[in-house]
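I opened my notebook to go through this fold piece by piece. Here is what I looked up.

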Amino acid sequence: MRSLGIDPGTHSMGVGAIDTDGSAMIFVNADVLRANRTAPQAQRLHRLYTLLVEYIAKIAPDEIAIEEPFVGRNVKSALSVGRAQAVAMIAAAASDIPVQTYAPREVKLAATGFGNSSKSQVQEMVLLALQASTQPMSQDASDALAVSFCHINARRAQALTQEART
């Protein structure tokens, strides 16, 4: 099973794929899709959509997990990231791939065991867990891997719960 994690943004979008084989998680790829920072937002989102559809076709994931926007004090930023999240959801739907979303705190908790972890702590733990020696890796790419990691763990927990009920 291949899971693609997406860390949405309007200038750069982190993407990270992990394969599962039994209990093993195997690093596949991590990258950052970029749009011109000075372009109007609609053009940036279209560029990210195009790049993401191409990436999905290349990586061929079975499932896609997307991080939800963090809604803190900056509502404008959260709305912007929400648009990028929608672009990722539309790209997944266009590719007919199931999507699940996760809150940032949930992703951090899955990656580090602590919901208030820093980006560098998330990056360190994800790279250790996946034995990915691709450092240096951008935080957008490692955040995307953390989203995929979170999704795989959530899916495993759900499977265990269903087994216990039967």
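I began with a bridge: A17 has N29 of β3 as its bridge partner. The strands around that bridge, β2 (residues 12–21) and β3 (residues 24–34), pair in the antiparallel sense over 10 bridges (pairing takes at least two DSSP bridges between two strands). I then checked the turn: β2 and β3 make a hairpin with two residues between them, and G22 there has a positive phi of about 65°.

A note on the source: this is a predicted model, with local features needing pLDDT of at least 70, side-chain atom pairs counting only at pLDDT 80 or more, and totals for chains, interfaces and linings using all residues. Residues are numbered from 1 along each chain as its sequence is written, and side-chain values use heavy atoms, leaving out hydrogens and water.

Next I read the whole chain. I got five helices and five strands, in the order β-β-β-α-β-α-β-α-α-α (DSSP runs numbered from the N terminus: helices are H or I of at least four residues, strands E of at least two).

Then I went to the helices. The axes of α3 (residues 104–112) and α4 (residues 119–130) come within 9 Å and cross at roughly 45° (axes are lines fitted to C-alpha atoms over the stretch in contact, with angles from 0 to 180 degrees between N-to-C directions). I noted K108, A111 and T112 of α3 touching Q121, V122, M125 and V126 of α4 (contact means heavy atoms within 4.5 Å).

Last, the extent: the C-alpha trace spans about 50 × 35 × 35 Å along its principal axes.
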